Amino acid sequence: SWIVGGHEAQPHSHPYMAYLKVERHTCGGFLVHPAWVLTAAHCALGNITVILGAHNIHAVEATQQVRGVLTLALQLTAKATLSRYVKTVALPKTSRDLPAGTVCSVAGWGLIDKDQSTDRLFETKVSIYSRRKCAHFYPELTNGMICAGSFHELKDSSQGDSGGPLVCNKVAEGIVSFGHNFPPGVYARVANYLPWIRKIMRK
C-alpha cells in the first residue's frame, strides 16, 4: 500500500508509530500502551518484529527500539521505553461517530507511488466521509468501519500502510484496512473494538 499525495513526515512527529516486519511483508502499527501495539488483523500473522522510534526504517537510528511479540494482539516481549521518540497515542473514549469533514492524519512506510517505495515515514491529511457517502463507494460498510480520504485531491493510504493509525484530534480513531487505490480508504473503527482491546490488555 502507499501514502498517496503525501510528503515526508518531520522525523519523530508521529512517535506512536510502529513498523512491523511480518515474515514476507511489512505493516504499520501504533503504540497504545508501553506493552501493547495495535495493527490490522491481517498483519498479526506469523513471526513479527516491532520497531519503535524509527523514521528511516533502513537506517540504524539511535532512537529505534526493537521488540518481539508475545501474543496476536501484539503484546511486546519487553515494555517500550517512552521518550520523545517513542510515545503512546490515545484511544477513543466513546463509540460516537466522528463528524464528516473531521481532518485526520495517516502515516506509513508503504509505497508512495505505484512503483516507488520509501525508507522514511510519510504522512498525509485526510477527511472523514459521512456513512451515507462512504456507502456509495463501499456498500459492504459496517459499524466497524469508517471512511476517510481527500474530497478534492488524490490523498489516501493503501496496503503498505496497513495497520497504521488514522489519528484525529490526537486520538487513534481508525486502523488502515483497505481501499480501491483511490480515496476514500476504509479504516477499522477503533471505538467499535474498545471492549475487546481493553479485555485483551487487562490479561
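Modeller: In the largest nonpolar core, which has 40 residues, those that touch the most other members are Leu 20, Phe 30, Val 37, Val 50 and Leu 52. A nonpolar core here is a set of buried Ala, Val, Leu, Ile, Met, Phe, Trp, Tyr and Cys residues joined through side-chain atoms within 4.5 Å, and buried means under 20% relative accessible area, with exposed over 50% and partly exposed in between, for a 1.4 Å probe and protein chains only. This is a predicted model, in which local features need pLDDT of at least 70 and side-chain atom pairs count only at pLDDT 80 or more, while totals for chains, interfaces and linings use all residues. Residues are numbered from 1 along each chain as its sequence is written, and side-chain values use heavy atoms, with hydrogens and water left out.

At least two residues of this core come from each of S2, S3, S4, strand S5 (48-52), S11 and helix H2 (194-202); helices (H or I, at least four residues) and strands (E, at least two) are DSSP runs, numbered from the N terminus. The element that gives the most to this core is S2, with 5 residues. Domain 1 (17-76) and domain 2 (90-192) each contribute at least three residues to this core, the domain bounds coming from an automatic or database domain assignment.

Strand S3 (residues 25-33) pairs with S4 in the antiparallel sense over 3 bridges, and Leu 31 is opposite Val 37 in S4.

Helix H2 holds Ile 197, which counts as buried because its relative accessible area is 5%. Not counting residues up to four places away in sequence, Ile 197 touches Leu 38, Leu 91 and Val 190. The C-alpha atoms of Ile 197 and Trp 36 are 10.0 Å from each other, although these residues are 161 residues apart along the chain.

From S11, consider Glu 173, which is placed in that strand (residues 171-178). Its relative accessible area is 5%, so Glu 173 is buried. With residues up to four places away in sequence not counted, Glu 173 touches Pro 92, Arg 96, Leu 98, Ile 146, Leu 166, Cys 168, Ala 188, Arg 189 and Val 190.

Turning to the aromatic rings, the structure holds 2 aromatic pairs; rings of Phe, Tyr and Trp (its six-membered ring) pair if their centres lie within 6.5 Å, and planes under 30 degrees apart count as stacked, over 60 as edge-to-face and the rest as tilted. Tyr 19 and Trp 109 make an edge-to-face pair, 5.3 Å centre to centre with 85° between the planes. This pair links distant parts of the chain, 90 residues apart, with Tyr 19 in strand S2 (residues 17-22) and Trp 109 in the loop between strand S7 (103-108) and strand S8 (122-128). Tyr 19 and Trp 109 are both buried. Tyr 129 and Phe 137 are likewise an aromatic pair that is edge-to-face, at 6.0 Å centre to centre and 80° between the planes. Tyr 129 counts as buried because its relative accessibility is 8%, whereas Phe 137, at 33%, counts as partly exposed.

For the protein as a whole, the secondary structure comes to 2 helices and 12 strands, and buried residues make up 53% of the 203 residues.

Notes
Contact = heavy atoms within 4.5 Å. Pairing = 2+ DSSP bridges.
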